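Please look over the sequence and the structure below.

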Amino acid sequence: QEGRFDAKASDEDIHTANERRLKELIGRTAGKLHTGRSRNDQVATDMRLWLRGSIDDLRRLLCKLITILLERTEREIDVLMPGYTHLQRAQVVRWSHWLLSHASNLSCDFAKLKTLYSTVNVLPLGSGAIAGNPFGVDRKWLAQELGFQDVTVNSMASTGDRDFVADFLYWGTLTMIHLSKLSEDLIVFSTKEFAFVELSDAYSTGSSLMPQKKNPDSLELIRGKTGTIFGNCTGFLCSLKGLPSTYNKDLQEDKQAMFSTYDTLSAVLQIADGVVSTLKINPAKMKSALSEDMLATDLAYYLVRKGVPFRDAHDLAGQIVAKSEKLNCPMSDLTLEQMHEISSFFDADVRSVWDYENSAEQYRSAGGTSKAAVLAQIEKLKSDVI
């Protein structure tokens, strides 16, 4: 009546506690509750019930974070920035394209949760200890009553099966990798050396000694917690490795790993939500970080459009880069005559290459960084997730 269940010292476990309380309420008839049942199939059922609901919670949190990323993408689609490989400036991209790279990873995690739900949503109850139920229990009916889509196939496999827990832990590991990568990017972008973004005071802290510091603690904690989730997955897999078939007490280690992974991911997704939604960007800093050397590939593409094979075009563009470095001037300051010393394919229209917006807009194929391609990605992710 008070919405509270009190365990007693005499209760061996949650199953006997339930039976004891039921007996207090309805008398000796409660003793029939355990007929043909085992704690082996009951605990496997309990875990699937719990994880099924927890997957729903995580899907809602993931959907919210992805939605926030997509909303920023639409608002800030005109902002250009350097794209990086090996942490070196590579090509001109849209800030929105960078946001979508993370939204895309998280949307894959979202889709995998749907598949994982189907794996979890199979009923082991009725398997008994290992041999099954001798009283002709209708397991299909039980599954329907408890909202499961099907029953497990083999009673021996059912009681010792924790593949669904391992699948969840692996999913959590991959999702944390994606969140750690997002965090690391934002940590780098928030440094004074980059200054592309500024974290809200609510998600950063000052230094106890240095007044000028603004530390990205929230993102560092996400990055740090990733190791904890790795440990949960690796540790549980090691527990499973040496087990014989069916149920063994080692399997109780599944709960600590599963609960910890859920609690951590639930908290991390909410923190990431807050960080991304309150983040301030500095478009001027992003633009000032663009440099002409990032257009060297565009110069090669210019030659390709003139009919030059790409390998040759790549070499000729490299010679232009080398010439500008030798003369200590930007590539755009080279005269047409100087460029003709390298190739007669260069013409007056080469000037169109030295435009960052044109650079981004040339990548119109699916998944690219042109405005049209970015908008198409937004619509695809919306249809997949929201």
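Which residue is the bridge partner of Pro-82 in E2? The partner is Val-92. Keep in mind throughout that this is a predicted model.

**The hairpin**

Strand E1 covers residues 80-85, and strand E2 covers residues 88-94. The two strands run antiparallel and are joined by 6 bridges. Gly-83 stands opposite Gln-91 of E2. The hairpin has 2 residues between the strands. His-86 takes a positive phi there, near 55 degrees. In a regular strand, side chains alternate between the two faces of the sheet.

Gln-91 sits in strand E2. Is Gln-91 buried or partly exposed? Its relative accessibility is 28%, so Gln-91 counts as partly exposed; the buried class ends under 20%. Setting aside neighbours within four places in sequence, Gln-91 contacts Met-81, Pro-82 and Gly-83 among others. Its contacts also include Met-294, Thr-297, Tyr-301 and Tyr-363. Tyr-356 is 265 residues away from Gln-91 along the chain, yet their C-alpha atoms are separated by 9.5 Å.

**Helix pairs**

Two packed helices are described by the angle between their axes and the distance between the axes.

| Helix pair | Axis distance | Crossing angle |
|---|---|---|
| H2 (residues 39-75) and H14 (residues 371-385) | within 11 Å | roughly 160 degrees |
| H6 and H7 (residues 217-241) | within 8 Å | roughly 160 degrees |
| H7 and H8 (residues 253-278) | 10 Å | about 160 degrees |

Take H2 and H14 to begin with. Their axes cross at roughly 160 degrees. That makes H2 roughly antiparallel to H14, because angles over 145 degrees fall in that class. The crossing of H2 and H14 is left-handed. H2 brings Cys-63, Ile-66, Leu-70, Thr-73 and Glu-74 to the contact. H14 brings Val-374, Ile-378, Glu-379, Leu-381, Lys-382 and Val-385. By class, the contact of H2 with H14 has 7 nonpolar, 1 polar and 3 charged residues.

Next come H6 and H7. Their axes come within 8 Å. H6 and H7 are roughly antiparallel to each other, and their crossing is left-handed. The contact of H6 with H7 divides into 17 nonpolar, 6 polar and 4 charged residues.

H7 also packs with H8, at an angle of about 160 degrees. H7 and H8 are therefore roughly antiparallel. H7 passes H8 in a left-handed crossing. On the H7 side, the contact is made by Ser-218, Leu-219, Ile-222, Lys-225, Ile-229, Asn-232, Phe-236 and Ser-239. These meet residues of H8, including Glu-253, Asp-254, Gln-256, Ala-257 and Ser-260. Thr-264, Val-268, Ile-271 and Val-275 are also among the H8 residues in this contact. The class count for H7 with H8 is 9 nonpolar, 7 polar and 3 charged.

**Buried residues**

Ser-183 lies in helix H6, which spans residues 163-189. Why does Ser-183 count as buried? Its relative accessible area is 1%, and buried means under 20%. Apart from neighbours within four places in sequence, Ser-183 is in contact with Leu-219 and Ile-222. Leu-219 and Ile-222 also take part in the contact of H7 with H8.

His-97 is found in helix H3 (residues 95-120). It is buried, with a relative accessible area of 19%. Not counting residues up to four places away in sequence, His-97 touches Gly-367, Gly-368, Thr-369, Val-374 and Gln-377. Val-374 belongs to the H14 side of the contact with H2.

Where does Trp-354 lie? Trp-354 is in the loop between helix H12 (336-340) and helix H13 (356-361). Trp-354 is buried too, with a relative accessible area of 15%. With residues up to four places away in sequence left out, Trp-354 touches Leu-295, Leu-299, Met-331, Ser-332 and Met-339. The C-alpha atoms of Trp-354 and Ser-245 are separated by 66 Å, at 109 residues apart along the chain.

Key
Residues numbered from 1 in each chain as written. Predicted model: local features only at pLDDT ≥ 70, side-chain atom pairs only at ≥ 80, totals over all residues. Heavy atoms only, no water. Axes fitted to C-alpha atoms, helices over the stretch in contact; angles between N-to-C directions. Helix = DSSP H or I, 4+ residues; strand = E, 2+ residues; numbered from the N terminus. Parallel < 35°, antiparallel > 145°, perpendicular 65-115°, else oblique. Left-handed = near helix turned anticlockwise from the far one by under 90°. Contact = heavy atoms within 4.5 Å. Nonpolar A, V, L, I, M, F, W, Y, C, P; charged D, E, K, R; others polar. Pairing = 2+ DSSP bridges. Buried < 20%, exposed > 50% of the residue type's maximum accessible area, 1.4 Å probe, protein only.
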